[in-house]
Every structure is written in structure tokens, then in C-alpha cells.
Amino acid sequence: MKVKQKSVCGNCRQRKLGCDGKHPECSQCTLTGRKCPGYPQEWTFVQQSIPSTEALHQNQFSQNGATGASHSCQESVKSTPPRQISHDATAQHSFAAVKIPDIISASPEELAFIVVENYIPKDDLPFLSHGSNNNGSSRICGSWVEVLPRLANTSSKEGVFFLSLKALAFAIASNKYPQKVSNLNATTVYSAAICALRRQLAAVSQPFNAELAASIMCLSLAEGMFPGMGRGISTHIKGVGQLMKAHGPNHYQAGLLHKLFVGFRPLLVLDAFRFREPTFLAEKQWASIPFAFSNTSLMQDFLSEVAIMPNYLNAVDQLMANPDDGSADNVTEVCFAFVECIDRLEQWEQMLQREEGAPYEISAGVHAAQAINPGITGHTLWYPSVTTANVCTHLWAIRIVCLKEIDKLRATFSSIVEACIPAKFCSVEYQQNQVLTLSKLICHSMEYLLQDDLKFFGPASTLFPLKVAYDSFRERGRGQEGYIKFCKSVVSRLDAKGLRSIPALIYAQ
């Protein structure tokens, strides 16, 4: 057992906020206008031993009972604008720092450390613990990586998990430590992992266990760091979806598989939006049963809200393929679904502003968008947490999608649509102004998500909203050259951060 001391003021401890420990007052109290009470000494004991999976499973059921709960109040951990962010590399967290002299020959535990250290946002590292014996809610969907050290501790170096973990660690290292790991090294390890995965999937008797799920997740993330691998990512996401659906929602109520389900769920839902295909995650049982013994995060609640919408995107495609066969009832039902979704998302936005204080503007003097492109006007938007930023940007993106679908239906079935929806949605000017306003909000949020302290998780979260915003500016064309240029500059920065599949995914028609 090792002992750690953390500086957290009384206000931040009571409100469960992230405290930066600054003297004489922390940044949270300064930003919110509260009097900072200072820092009492407190010692935190971190258990070093790793409990068995069986013990973890039993503890989860005994401690959490048989009812779910609302998303954790830990969601509201605050962040501060760039000029106030601490870049102290010695920040304490439950994953002890490991010096890795040679990545090529790193142990499974060292490879897991590379992934965790480079993927999870700095402020969320203290809340990860591979020895945790509860099934509480994850603060971010990316916290599934906390299972990696546990799996690494027992994995075989010949197994698919070790090879997949190594592929992800090498993909990260080839960008961050190119002097130690070349692109050829990373590609070679990735190829070996893919072959191992195919062999394991070919074994019909092989169950869908935590090691296999974690292996596929590692490979999906690794593919995000290779150019032109968007198809591979989607293939793995769809494959995981089929395996999850086959085993049913009860399979993911607790333990490592629950944490991996939480990690895969946003990928599955957003992939359904991208390909306009219905998803089994829209079924009520998939929004409730996997969370029966744990809290849901803000992002997971949001996903439950919007998971049904790809079903209606698919319905629009069917109506457009055979417009003469589209009945008034079908068109009305689909149109109402988009209108109601917009209304619900507007209520979500109001809730976020009221309860999370997000987003809020920071002064134009530190507006990075203006520095990149003087044609961009307005302030940079900042957020209390990366989860709130993700919910806001994805909320705006889905509102844009809904607005465009209503306009598409109105153009084809004008008499039916105009008779059944509020008049404002029938106005081309209203629709275009709303789409552009929401797209600009997404752009003004990019600087927050591109922070170095958000590691790979923050930048990787930009894909869906940035794609929606870029397409909206490009479709509008005239007068949007400044924002188109800005979107391209963000794509270049994402590519430079190691997310080399992003350009092809953003620019795809």
C-alpha cells in the first residue's frame, strides 16, 4: 500500500469538483466567486493489490443494490481557461508513473501505462483505479482503459489482447516517441494483432469476454492513428455491436464488460448516425439493463436520448428512395420525430446551462480561433468538464442533422410537412440560420477539446461534431470561407496530434 497526499479545498471536496490546489485560493473558487477555505491535510491510501474478477462482481452487486441511479455528481468537475491551466507533470493519480527505457521490449503493464497516460485527460486520471472494487459510473466514456492494467497483469504475450494493446501503444508511441518507435514498427505490430484477432474470432467456441472486447477497442483506437483506416474502424465497431447484441444486455451489467460497454456505446451510436442505420441500442432494455447496478454519466444519459434517431434517418432514406410510396402518415411520423428531438435537445441545452454552467465564453484576447483565422468572429467557448463539452458539441451536431432532415422532407413532401409541423421549421431562412449558428458554436468549442491536457480523448471526441459543422459550411458555400478554413486548420492539428485517420473521415463526401 502506498500513501498519497492531495490538496483539495473544502468547497471543491463538498461539491465534488476538481481542485488545482493553488494558493491562496484555488481556481474553482476564484472563477465561481466563492471564498476558498484552504487545504486541510488529508491522506489517501491506494490499495495496490488487484482483486479477482469474481470478487469485483460480487462487491458490485452487494454495494450497488438492484436499482440504477442518476448520473454522478462527479460529472461537474470544473476546468479553467488555457491561461489558468496547470501543466504540472507531477500530478498524482492512481496509476503510478513508470519509466519506460525501451518501448519495443516493454512489459504488458508498461504498455497499459503508455495507453492510459496518453489517452485519458489529465483531470480524470485521479479517478481511475485498476483496483477499484465498485461499479460506479465512469466520468468519461474513455475511462474504459482502466481495465487495461488488470487485463495486462494476467495476459499472455502470445494472446490477442497483448498484441492489440501493443498495437495501440506502438501507434501512440510512433507519434509521440518517433525516435523509439517507427511507423514500420507500429504497422508490423498492428498487422500481427489483426491476424491474431481473426484467428480468435474464427474459433466459434470462443466467448465474447473482456479480453476480446478490450482487444477490439484497442485496435479500433490504433486504426484512428493510421491514415485511411476509417473503414477498419467502422468494421470493428459493427463487429462488436453484433457480438454485444448476440449476448444480450444482461451480459454487461457489471465488471470489466460493463466498463467496456460504456466505452463502446458512444462509438456504436455515432456509427449508426454516420451510416444512417438503426441500432439495437435504441431499445429500452439496452438503456436500462446494463446500468441496473451503476450510475449513468451525463454522456450515457445523452446517448439514451438520441439512440433512436438513426432509425428515423434510415426511414428518411427509404422515403426518398420511393417518394411516390410515402404515405402521409409515414412522412408525418418521421417529421414529428425530428421536431420532437430538436425540442428535447433544446431542453437539454437549457439544463446544461442551468446546472453545469456550460458553455461559457472566455475573452477575445485569448481566442485561438481568431489567431488562426481573423475571419472567425466571437469568443472561444469553455466548459466545466470534457464530458460537458462532448455533450454540448454532439447535441448541437444532432440538432443540425435533424434540421437538415426536416428541410429535406419539406422539399419533397411540402404539402404534408408544412401542414403538420410548426411554421418556423418550414422557413428556409430559419433552417439555414440555425444550422450555421450551431455549426459556429461547434467550431468555437474546438480549442477546448484540442487542449494538450485532454490527451487523445479530447481531440478524438471532435470527429462527429466537426464533420457535421464542416459539411454545413461547405454546403452553404458563399460567405463561409473563413469557417471552412478554420475547420481545415483543426483537421490539420488533429492530424499533427497523431489522429491520422481524421482527414479522410472529415473530408469524405
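This is a predicted model: local features need pLDDT of at least 70, side-chain atom pairs count only at pLDDT 80 or more; totals for chains, interfaces and linings use all residues.
Biologist: Is N185 buried, exposed or partly exposed?
Modeller: N185 counts as partly exposed, because its relative accessible area is 27%, and that label covers values between the 20% and 50% cut-offs.

Biologist: Which residues does N185 touch, leaving aside those up to four places away in sequence?
Modeller: With those set aside, N185 touches I104, F170 and K180.

Biologist: How many residues apart along the chain are N185 and I104?
Modeller: They are 81 residues apart along the chain, and 8.5 Å separates their C-alpha atoms.

Biologist: And what polar contact does the side chain of N185 make?
Modeller: The N185 side chain pairs with the side chain of S182 in a polar contact, at 3.0 Å.

Biologist: Great, new topic! What volume does the second largest pocket have?
Modeller: Its volume is about 1400 Å³.

Biologist: How many residues line the second largest pocket, and which lie nearest its centre?
Modeller: The lining has 50 residues, and those nearest the centre are L270, D271, R274, L463 and F464.

Biologist: Which elements give two or more residues to that lining?
Modeller: Among them are α8 (210-223), α10 (255-275), α16 (386-412) and α21 (463-476). The largest share, eight residues, comes from α10.

Biologist: Last one: how do the lining residues divide into nonpolar, polar and charged?
Modeller: For the second largest pocket, 27 are nonpolar, 13 are polar and ten are charged.

Definitions and conventions: Residues are numbered from 1 along each chain as its sequence is written. Side-chain values use heavy atoms; hydrogens and water are left out. Buried means under 20% relative accessible area, exposed over 50%, partly exposed in between (1.4 Å probe, protein chains only). Contact means heavy atoms within 4.5 Å. A polar contact is a pair of N or O atoms within 3.5 Å; within protein, one must be able to donate a hydrogen and the other to accept it, and residues adjacent in sequence count only if both atoms are side-chain atoms. On a 1 Å grid over the protein atoms alone, a cavity is a set of points where a 1.4 Å probe fits but cannot get out, and a pocket is an open set with protein on both sides within 12 Å along at least five of seven lines; lining residues have an atom within 4 Å of a point. Grid points are joined across faces, edges and corners, and a volume is the space filled by probe spheres set on the points. Helices (H or I, at least four residues) and strands (E, at least two) are DSSP runs, numbered from the N terminus. Ala, Val, Leu, Ile, Met, Phe, Trp, Tyr, Cys and Pro count as nonpolar, Asp, Glu, Lys and Arg as charged, and the others, Gly among them, as polar.
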